[in-house]
Amino acid sequence: MTTGKINVSVENIFPLIKKFLYSDHEIFLRELVSNATDATSKLKHLTSIGEAKVEYGNPIIEVKIDKEGKKLHVIDQGVGMTAEEVEKYINQVAFSGAEEFLEKYKDSAKDSGIIGHFGLGFYSAFMVAEKVEIITKSYKDEPAAHWTCDGSPEFTLEPSDKSDRGTEIILHIAEDSLEFLEEGKISSLLNKYNKFMPIPIKFGTKTEKVEQKKGESVAEDDKDEVFKTVEVDNIINNPNPAWTKQPSELTDEDYKNFYRELYPMQFEEPLFNIHLNVDYPFNLTGILYFPKLGADLQIQKDKIQLYQNQVYVTDNVEGIVPEFLTMLKGVIDSPDIPLNVSRSYLQADGAVKKISNYITRKVADKLKSLFTENREDFEKKWNDIKIVLEYGMLSEPKFYEKAGSFVLYPTVDDKYYTLDELKESLKDKQTDKDGKLVILYAGNKDAQHSYIEAAKAKGYEVLLLDSPIVSHVIQKLEGDNNGLTFVRVDSDHIDNLIKTDQESISKLSDEEKESLKTIVQTIAPQPTYSVQLEALDSQAAPFLITQPEFMRRMKEMSQSGGGGMFGMGNMPEMYNLVVNTNSDLATAILANKDNEAQSALVKQALDLARLSQNLLKGEELTAFVKRSFELIK
């Protein structure tokens, strides 16, 4: 038997591991199962090239709980180790730099990357175990070895009578970690970290019904049955998940089944998927799913899972996946994403940016092909995906470059245009006095119904742009398309379009107009309403409330995330009260010499205009309703 000290440059490695990794101590199981997977995969490679003269067979990894003995076992049938290899890989830990680490993190216990940073994956076992044993036999024709360590730098290494190839790790679970002897806890950890490991993982057994063979000896309960009940290994993982296959091997149903496997509690089907598969200049595979998103910005993120060689790493993919795509779901697997060996925390470098750019390009290309191949279906899905695409246009220049060919602009009548199609369609009928192409839009089809109808009556096309970030999108489009302006239908800019060809002709004289303005100004609340007289079509509404386009848009932008940038979070409400001097009501107000009757007409017309803009609420709404009933009487 050999005894000795583990060769590390500080004596207190194990207290360090417990202290600095306690917040992430459950990863010990992922590390041990990952090591077992590596050992098995290595054996497969060695047998395939003829270096290992053994049968690879159908190896599995087994995790066992011995609750009574307070032990947890992780067993593999991989390459195993000789006593010499145990000495090399387990005892001579490469811990150079430990002093620098201690100095750097002496005031912090938050760095859960210490294990991987110093190559200590196996030693994570000591986060939950007071003693660890390794019983291992190499695929080489050499004796088995038994290594034991009680959490101090002292260890023993002696021969073992183990006869089958592979390694068994035995953790004697510490009193403060007895939760790891609970079947439910271990099952949940295996499901979280090892659900798609490439080697089958056994955890316990389960009963299954299998067809009986003729003349077979069976239990009394099964004698009259076609099927018999048997105990079989409970394999908890899927070693061949969909993302490891070629797209040509998968059907639409395969993709949907994998989505259900990833999100068993998600009952709504995804809209479509994007299969990522690249091997140069980096290796990356994965499947991203577009769920139904609608216009809600408060979507739960962190639904994309990051794997490295089928080992779960994290669901925080910030930096790898462009931010606008973090609202999607799915899996990304890449051995080239720089992680520390604990496989938990990303290191920033150029490879990550290349991967992010690739994902952006791939998603844009897929969206373009979906649009081109089946535009009708794409249009049906538009309202469920638009928030992601609009966010992408604002946040990713490379996505914005490609977005013009598939981003849609729907009308209130459910017609869909790309921006180029829209410009072509409107160029001869919607220009303002300055020759700019004016694109009219509504933010709320119901609230702005009267304005929409007024614009449509003039033959204008009105878009329905109702996402919470539409003001930012519009600002960007206007900046990049000279001679183009977006105007909401209840904006003051609409005046440039809805006036008649005889807009300079008013039924009222200058004196009458001045008198009308004075009457209205004395009744309209100041300074909220700026009274403007316009000679509109006689069929247009007598009183219209519009908003200054610029101020309204800035306020919207501040409310959807730009408050700090624009400083507009507490802007006062400001509106234009447009009085149509060609309306019969304008003439009636002037003709009525009873001040009280004049005031009642103006108040009623003003409140009707406010009502159409959803600006009449509370006491004012109650008073309006009461006054309306009085008028009916």
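# Exercises on a predicted protein chain

Among contacts (heavy atoms within 4.5 Å) in the protein chain between residues at least 6 apart in sequence, 72% join residues at least 24 apart. The model is predicted, so to speak of local features requires pLDDT of at least 70, side-chain atom pairs count only at pLDDT 80 or more, and totals for chains, interfaces and linings use all residues. Residues are numbered from 1 along each chain as its sequence is written, and side-chain values use heavy atoms, with hydrogens and water left out.

**Exercise 1.** State how many helices and strands the protein chain has, and what percentage of its residues count as buried.

*Solution.* Helices (H or I, at least four residues) and strands (E, at least two) are DSSP runs, numbered from the N terminus. By this rule the chain has 19 helices and 22 strands. Buried means under 20% relative accessible area, exposed over 50%, and partly exposed in between (1.4 Å probe, protein chains only). Of the 633 residues, 49% count as buried.

**Exercise 2.** Describe the largest nonpolar core and the residues that touch the most other members.

*Solution.* A nonpolar core is a set of buried Ala, Val, Leu, Ile, Met, Phe, Trp, Tyr and Cys residues joined through side-chain atoms within 4.5 Å. The largest one holds 62 residues, and L29, V63, F122, W147, L171 and F258 touch the most other members. Helix 2 (residues 27-48) supplies the largest share of this core, nine residues. Next, take F122: leaving aside neighbours within four places in sequence, F122 is in contact with L32, N35, I90, V132, I134, W147 and I169. A second, separate core has 61 residues, including V317, V321, F378 and L477.

**Exercise 3.** Find how helix 2 packs with helix 6 and which residues meet.

*Solution.* Axes are lines fitted to C-alpha atoms, for helices over the stretch in contact, and angles run from 0 to 180 degrees between N-to-C directions. Helix 2 and helix 6 (residues 183-193) pack at about 60°, with their axes 10 Å apart. Angles under 35 degrees count as roughly parallel, over 145 as roughly antiparallel, 65 to 115 as roughly perpendicular and the rest as oblique. Helix 2 and helix 6 are therefore oblique to each other. On the helix 2 side, I27, L29, R30 and V33 meet I186, L189, L190 and Y193 of helix 6. For the classes, Ala, Val, Leu, Ile, Met, Phe, Trp, Tyr, Cys and Pro count as nonpolar, Asp, Glu, Lys and Arg as charged, and the others, Gly among them, as polar. This contact has seven nonpolar, no polar and one charged residues.

**Exercise 4.** Find the angle between helix 15 and helix 17 and the residues that meet.

*Solution.* Helix 15 (residues 510-523) and helix 17 (residues 584-591) pack at about 85°, with their axes 10 Å apart. Helix 15 is thus roughly perpendicular to helix 17. E512, S515, L516 and I519 of helix 15 meet A586, I589 and L590 of helix 17. By class they divide into five nonpolar, one polar and one charged.

**Exercise 5.** Locate N309 and D414, and decide whether each is exposed or partly exposed.

*Solution.* N309 is in the loop between strand 12 (304-308) and strand 13 (311-314). The phi of N309 is near 55°, a positive value in a residue other than glycine. At 47% relative accessibility, N309 counts as partly exposed. D414 is in the loop between strand 15 (409-410) and strand 16 (416-417), and the phi of D414, also in a residue other than glycine, is positive, near 65°. D414 counts as exposed because its relative accessibility is 57%.
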